[in-house]
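Me: I've got a structure open and would like to go through it bit by bit. Can we do it as questions and answers?

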Amino acid sequence: MSTVIKGARPYGEGDPVDVLIEDGVITGIGTVQAPEDAEVIDARGQVLLPGFVDLHTHLREPGREDTETIDSGSAAAALGGYTAVFAMANTDPVADNAVIVEHVWRRGQEVGLVDVHPVGAVTVGLKGEKLAELGTMANSQAGVKVFSDDGLCVADPLLMRRALEYSTALDVVIAQHAEEPRLTVGAQAHEGERAARLGYTGWPAAAEESIVARDCLLALHANARLHVCHVSTSGTADVLRWAKDRGTKVSAEVTPHHLLLTDERLATYDPVNKVNPPLRTESDAEKLRAALADGTIDCVATDHAPHAVQDKDTEWSAARPGMLGLQTALSIVTETMVRTGLLDWRGVARVMSERPAEIGNLADQGRPIAVGEPANLALVDPDAEWTVRGAELASIAANTPYEGMRLPGVVTATLLRGRITARDGKIG
Ligand code: NCD
Ligand code: ZN
Ligand code: ZN
């Protein structure tokens, strides 16, 4: 089976070229001799990028299949330009053992739209008391490469230090949801003027920054790799800069929503805007965009967090935190980073594909667009726009904060090992 992508510009650079793909591998770039029966994708005016890699997705299977499944989440991922996603461990039951992570991995392969890499829990049941069997999960069929208690912070410094020490021997990475729980008891929104006016208990920036600083020091002393989930404050970016300057093996992600949205959204009272960590100030968002552009923050991760209507459409304090992200990520990055001139498409490839693939230790993702490389690709129309409708997204849940917004940047095709997984907004 072969496919030819006609007239695309790899990384949005240079003259349009044709790209020939045979048996899952790129076999020609430039003027290519395509077999007569090759599938043709007309890509004039479009940008060809390596398929996106999401280090932070919640697929809700097992346990909350009423909000998302590996099937529906894989579809959302493929439509969003993703060829690999990391599925967080805060399912029910928790992915803290080989049986669950192998189920998630196998189910992802059966669905076949995107590689679903299960994240293993750091502690048993996400309880923060006892380390889970990281080695068993790492050595399982799922080959777990990232461990996280996401949703909760590994708050105990001794436990976090042990997890970091074990991780070096296994060559895996610990991804921390940085939230000092003693500082966020009852927290509902970013601690500041807006939350105060509405009478919401504040979620202080220091609750994130203090854990990131602590963990950077623990990682440095253990010579371990640390990954910081969903960076939300400018102070965290400062801590990361300091830690990286000192040689700490720390990487970090920012979500599309923290790049675009701010706590101004609190005025709507709409819990679709409730997320953890909370939406911060415009000044934070601006500094996060700059930190992503200069590499202080390594990559974009969606923190795609589907929730049922009854868990979202309720009073603010009772609503679950989290928002959908897989199908809107490229557009939000286009809006906040490309249209502003902060990143070119080469930079988008770096933050949405290459760096996350390196951090997640995936050998076949985030590869150069070159002959001999696996054809994991995303094709993007940079000039097209679309209007977000939650009900039309592939996710079972519909909790998008971008409802009704017109956004730039449309993913027109996604290829996983040469197979078309999404095209013109449809699966396959
Ligand atoms: C996530 C979820 O719903 O699982 N929610 C969120 O607000 N981000 C958990 C998390 O990422 O911390
Ligand atoms: Zn989290
Ligand atoms: Zn999360």
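Me: Which protein residues are the donors of the zinc ion (ligand 2)?
Reply: First, a heads-up: this is a predicted model, where local features need pLDDT of at least 70, side-chain atom pairs count only at pLDDT 80 or more, and totals for chains, interfaces and linings use all residues. Residues are numbered from 1 along each chain as its sequence is written, chains are lettered from A and ligands numbered from 1 in the order in which they are written, and side-chain values use heavy atoms, with hydrogens and water left out. Donors are N, O and S atoms within 2.8 Å of the metal (3.2 Å for Na, K and Ca), and sites may look incomplete because water is not among the atoms. Here they lie 1.9 to 2.1 Å from the ion and belong to Asp150 (OD), His177 (ND1) and His230 (NE2).

Me: Which residue bridges the zinc ion (ligand 2) and the zinc ion (ligand 3)?
Reply: The two ions lie 3.7 Å apart. The residue that bridges them is Asp150.

Me: How many residues apart in sequence are the parts that Asp150 and His177 tie together?
Reply: Helices (H or I, at least four residues) and strands (E, at least two) are DSSP runs, numbered from the N terminus. Asp150 is in the loop between strand 9 (146–147) and helix 4 (157–170), while His177 is in the loop between strand 10 (173–176) and strand 11 (189–190), so the pair links parts whose separation is 27 residues.

Me: Are Asp150 and His177 buried or exposed?
Reply: Buried means under 20% relative accessible area, exposed over 50%, and partly exposed in between (1.4 Å probe, protein chains only). Both residues come out as buried.

Me: Which residue in strand 13 does Gln176 stand opposite?
Reply: Strand 10 and strand 13 (residues 226–228) pair in the parallel sense over 3 bridges. Gln176's opposite number in strand 13 is Val228.

Me: Which residue in the turn between strand 2 and strand 3 has a positive phi?
Reply: Strand 2 (residues 17–22) and strand 3 (residues 25–30) run antiparallel, joined by 5 bridges. They form a hairpin with 2 residues between them. The turn residue, with a phi of about 50 degrees, is Asp23.

Definitions and conventions:
Two strands pair if DSSP finds at least two bridges between them.
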